[in-house]
Amino acid sequence: MDIFSQLTVVVGRLNPDGVSMLGTAFVVRDDGYLVTPRHVINNTDKGLVILVPHVRGFNEYQDLSDTSCSCVDVEIVEIDPIRDLAILKLKGNRVFNLPIPSLGSIDDVDVGDTVQIFGYPHCTEGRRVLTYQSTVIGAKFLSSTNSVKIKQAVLNIQSRPGQSGSLIFSQKLNKIIGILLGTYAPSSGIYLNGINPAELNQTTQIISAEYIEDML
């Protein structure tokens, strides 16, 4: 499992005060390619970086008092606005030299199957903690954008903004089967102390990894 501590990274943007953490990305090819949702990077690679992994394994204590980081510049290679995906690449012909699981599809899993999630739930709030979670596929569904049918699935778990871009892995298949796009929490029109009550019982949406394969 520790390989996912090296495949999963924070994507951020340089600013005069340092780096703003935007969300999660993960490695899809050892020659420098990563993927993240398009909405995380907002269609621009100005000042865009990934943060080099700060731990070598999940059982290490992650020191929140250590705010140092090492950044690597990345550029946008391709964007799919319909499926909300963006392919990034390390600048300067850098490579990863990591064993990367193959990309699969939501087709390969069944409702009720267990999947694993690797991401940074609270990075957008300044808390850089790589987190492992496990849950089940609650549903498979087709969404439609511009008349394009898109394969997606519901995960029976709540998620945080920093998890957008998290790697979704099937241990049973030994494949990456999806990427986390975000929560499904429609606006209720009512807010209590700044909280949308619909978010208290949210579910999480992922998109099939086959669309990543198509972009590479």
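**Briefing: a buried arginine and an aromatic cluster**

F58 is buried, with a relative accessible area of 16%; buried denotes under 20% relative accessible area, exposed over 50%, and partly exposed the range in between (1.4 Å probe, protein chains only). The model is predicted: local features need pLDDT of at least 70, side-chain atom pairs count only at pLDDT 80 or more, and totals for chains, interfaces and linings use all residues. Residues are numbered from 1 along each chain as its sequence is written, and side-chain values use heavy atoms, with hydrogens and water left out.

**Aromatic pairs**

- The structure contains 4 aromatic pairs; rings of Phe, Tyr and Trp (its six-membered ring) pair if their centres lie within 6.5 Å, and planes under 30 degrees apart count as stacked, over 60 as edge-to-face and the rest as tilted.
- One of these is the tilted pair of F58 and F118, at 5.6 Å centre to centre with 55 degrees between the planes.
- This pair joins distant parts of the chain, as F58 sits in the loop between β4 (48-51) and β5 (71-80) while F118 belongs to strand β8, 60 residues apart; strands (E, at least two residues) are DSSP runs numbered from the N terminus.
- F118 is buried, at 1% relative accessibility.
- F118 also forms a tilted pair with Y132, at 5.4 Å centre to centre and 40 degrees between the planes.
- Here too distant parts of the chain are linked, with F118 in strand β8 and Y132 in strand β9, 14 residues apart.
- Y132 is partly exposed, at 34% relative accessibility.
- One aromatic cluster comprises F4, F58, F118, Y132 and F169.

- R128 is located in the loop between β8 (114-119) and β9 (131-145).
- With a relative accessible area of 12%, R128 counts as buried.
- Beyond its neighbours within four places in sequence, R128 contacts (heavy atoms within 4.5 Å) several residues, including V10, M21, L51, V52, P53, H54 and Y120.
- A polar atom of the R128 side chain lies 2.6 Å from the backbone oxygen of V52.

**A charge over a ring**

- R29 lies over the face of Y33, at 4.1 Å from the ring centre; the criterion is NZ of Lys or CZ of Arg within 6 Å of the ring centre and within 35 degrees of the ring normal.

Technical notes:
Helix = DSSP H or I, 4+ residues; strand = E, 2+ residues; numbered from the N terminus. Polar contact = N/O pair within 3.5 Å; in protein donor to acceptor, adjacent residues only side chain to side chain.
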